[in-house]
Amino acid sequence: MSEPRRQNALVRWYPPAWRQRYGDEFSAMLEQEREHEAGSRSLIRSVRRSVDVVRGGLRARLDYSATFGSSVPASDRVRGGLGLVVFGAAGFVPAVVCILVQALSVLSVSPSALTPPGPMPDTPLAANGVHMATITVLYLGGVVGIGLGLVAAAPILWTATRMIIRRQGSRVIAPVVQLVGSVALYVAGITALASIGDYPGGINPVRSVVLVTTLPLSSAWLSVGTLSGPILAWLLISTTLWIEVGVAGYRLVRTVVLPPRVLRFEVRMATAIAALTGLMVVLVVLWSSEYEPYFYSRLGNDQYFAGWINETARLIPAVVALLSAGVMGLGFVRARRSIRGTQSV
Amino acid sequence: MTPEPIDLGRYSGPATLILSSLADGPKHGYALMSDITSFSGTTLGPGTLYGALTRLEQMGLVEALDSDDRRRPYRLTSIGAEALSSHLAAQKQWLDVGLRRLAGGGLA
């Protein structure tokens with residue numbers, strides 16, 4: 001990307017109201033700085049400067065409501081907050097699925113049938129009531145969360161479809177195509193993996209779903225020889241698809257024009273989803289810190305992974321889950337704060 | 001007695017530099033950046049500079065002036081001058097204490 005284009009992209013990262021007030025003079029300063037330093041700027045300095053601009057944009061966004069909130073329509077702020085909730089959910093869902101699959105793997109295997117290269121859990125976790133109860137609550141939470149997500153998504157998708165049919169929403173088409181395309185590729189990946197027969201018994205569709213969902217976040221791929229080429233290739237693609245789904249969801253929510261009544265409904269749904277997410281995060285943290293689940297693989301040979309592979313398998317989804325929950329929380333707070341202003345919209 | 005310094009918030013470092021730069025006359029963004037580098041040796045990044053400038057304007061310590069081009073100059077307000085004065089006075093007090101203690105044999 002050329003320097004001017006990168007500069008424009010960086011300035012667009014700032015909140016609209018900030019840009020409206022400072023955007024022109026800020027761009028002028030960046031241009032003047034670039035002209036004065038033409039030919040003498042090093043790559044490191046250029047990167048450092050870009051990081052500084054991005055950090056400034058983040059701070060402007062964090063101060064957004066307090067400082068600039070009044071000049072941006074409340075409904076826009078609500079949609080921005082809801083978009084963040086959707087984006088966070090796209091990261092939170094695979095992370096939690098990954099954690100739950102690890103939990104279930106421990107329960108569904110007979111320790112005597114395994115080849116443990118490292119230390120085994122001292123106590124069979126399946127026998128522990130707290131462990132079972134936690135997993136049960138997490139699974140129920142997952143089911144309820146998906147249900148709430150579908151109910152919340154319905155009015156948005158319905159409105160987007162109507163806007164497209166009535167030719168009122170040309171801006172809606174791009175995120176819809178992005179969303180549908182990502183999901184279609186995701187399903188295609190599941191189908192493709194289900195047809196791979198290089199493991200005993202093949203990979204059934206359910207396992208394929210779990211596999212394509214959890215691969216980017218689990219670290220089974222770090223164990224050399226465990227995964228075949230097609231699965232490793234899918235690993236890279238499916239990571240991108242989750243991000244694509246999140247970005248498409250964010251763009252869609254930002255673009256679709258919803259009446260205040262529906263916006264309030266969406267904020268209520270976001271409240272419920274945020275509360276559920278918080279509960280699940282607390283449970284995962286408590287459970288992980290208490291039981292230190294071992295990552296278990298049934299691909300190829302049944303075995304526990306030990307040491308750093310096991311640690312990474314727990315760490316990656318945990319970090320993604322926490323970051324995603326943070327994004328969801330930020331979006332929820334923003335939507336919640338701004339919804340009062342939509343009474344007059 | 002030194003007056004109580006105005007809290008410049010989390011941008012106190014850049015804010016002090018900006019206010020000090022504007023103390024000798026209005027400047028626009030790039031001129032501020034260059035002046036600060038020349039008198040302090042510190043190069044403020046564009047994001048940091050405008051983050052602090054935004055906050056200072058919100059606090060009423062600086063104000064934007066009209067301009068014919070895209071570059072908008074800023075100047076110190078009377079409240080800004082007062083804030084800078086009290087802030088620097090407080091810093092001078094800490095500086096004097098530190099130097100006095102060093103001179104008194106604070107080093108091993």
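Let me begin with burial: a residue is called buried under 20% relative accessible area, exposed over 50% and partly exposed in between, with a 1.4 Å probe and protein chains only. This is a predicted model, in which local features need pLDDT of at least 70 and side-chain atom pairs count only at pLDDT 80 or more, while totals for chains, interfaces and linings use all residues. Residues are numbered from 1 along each chain as written, chains are lettered from A in the order in which they are written, and side-chain values use heavy atoms, without hydrogens or water.

By that definition A:Trp18 is buried, as is B:Tyr50; for A:Trp18 the relative accessible area is 2%, and for A:Phe26, also buried, it is 0%.

Now to the aromatic pairs, where rings of Phe, Tyr and Trp (its six-membered ring) pair if their centres lie within 6.5 Å, planes under 30 degrees apart being stacked, over 60 edge-to-face and the rest tilted. Over all chains, the search finds 7 such pairs. One of them is A:Trp18 with A:Phe26, edge-to-face at 5.3 Å centre to centre and 90° between the planes. A:Trp18 also pairs edge-to-face with B:Tyr50, at 6.2 Å and 75°; because A:Trp18 lies in helix H2 of chain A and B:Tyr50 in helix H3 of chain B, this pair joins two chains, helices here being DSSP runs of H or I with at least four residues, numbered from the N terminus. A single aromatic cluster takes in A:Tyr14, A:Trp18, A:Tyr22, A:Phe26 and B:Tyr50.
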